Amino acid sequence: MLVLKRLAAAAVALVAGSGAVLAGIGQPSPWQLGLQQSATPVMDNIVWFHDLLLWIISVIALFVLALLVIIMVRFNARANPIPSKTTHNTLLEVAWTLVPVIILVTIAVPSFKLLFLQQTIPPADVTVKATGKQWYWSYSYPDSKFEFDSLMLKDNERKADQPRLLAVDNEMVVPVNKVVRVQVIGAEVIHAFAVPSFGIKIDAIPGRLNETWFKATREGVYYGQCSELCGKDHAYMPIAVRVVSDRDYAAWLDQAKKKYAGSDTPSATTLAAAR
Ligand SMILES: [Cu+2]
């Protein structure tokens, strides 16, 4: 019964769009079918675009289904023994060419807008360089000249409220409502840096510095995972981003500078500053 109820709720959430009804903040939740709750303007756009597409494809699927049913019922050999010999219908042909064109343009316009929103990195307040390694992430803050490793917590190291396979020892910390530029690179093989709530996913490729950005509009901890198969512990190199107030960020930065003093490698900062 509970299963049915949850499935029904999940279906409602999916149809209603965002799936936010079931999704926890910054992490997946049991029985979740929709997307994780958005925490950035880019993800807001992705959710909106997803919902738009869902409506369009639903209408198309139902329309095609209706046509099939009508044809099966009205034009089978028994109901319609003498078939029509029609070969052309100009109006129909123009319609079934124009309507798909209009639908595709309707999809293309917001699609390109979204693409440009993702690709155009606004002036950054904070820059963080994430390096994918086998099998953990390192974060370097080139403006403050420190770097640290972020490793997944094992079951016996986790606090009760920390999610399994997602919580890490040292989270990446950023201020709320600030543009964060994320530079992403792979140390030895290809990884991918992905945080669903932020709507970002970008490959971490050795020798190539990729860039993306996000502006988290809500405080909290947001989890992601390496999203490019990178070896045996690919599933165990989560990403945890803690979004805090400006004051908390300043305080964290102060102690991080001391804690990780002298940790930045020349290669890390030169790569990040090269831009
Ligand atoms: Cu991986």
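## Residue classes and the model

Ala, Val, Leu, Ile, Met, Phe, Trp, Tyr, Cys and Pro count as nonpolar, Asp, Glu, Lys and Arg as charged, and the others, Gly among them, as polar. This is a predicted model, in which local features need pLDDT of at least 70 and side-chain atom pairs count only at pLDDT 80 or more, while totals for chains, interfaces and linings use all residues. Residues are numbered from 1 along each chain as its sequence is written, and side-chain values use heavy atoms, with hydrogens and water left out.

## The largest pocket

The lining of the largest pocket has 11 nonpolar residues, no polar ones and no charged ones. They are Val59, Ile60, Phe63, Val64, Leu67, Leu92, Ala95, Trp96, Val99, Pro100 and Ile103. H3 supplies the largest share, six residues. Helices here are DSSP runs (H or I, at least four residues), numbered from the N terminus.

A pocket is an open set of points on a 1 Å grid over the protein atoms alone, where a 1.4 Å probe fits, with protein on both sides within 12 Å along at least five of seven lines; lining residues have an atom within 4 Å of a point.

## The copper site

Cys226 (SG), Glu228 (O), Cys230 (SG) and His234 (ND1) coordinate the copper ion at 1.9 to 2.6 Å. Donors are N, O and S atoms within 2.8 Å of the metal (3.2 Å for Na, K and Ca). Along the chain, their spacing is C-x1-E-x1-C-x3-H.

The arrangement is tetrahedral because the four donor atoms subtend angles of 90 to 125 degrees, and four donors count as tetrahedral if all angles lie between 85 and 135 degrees.

Note on methods: Helices (H or I, at least four residues) and strands (E, at least two) are DSSP runs, numbered from the N terminus. Four donors count as tetrahedral if all angles lie between 85 and 135 degrees; four count as square planar and six as octahedral if opposite donors are over 155 degrees apart and all others between 65 and 115; anything else is irregular.
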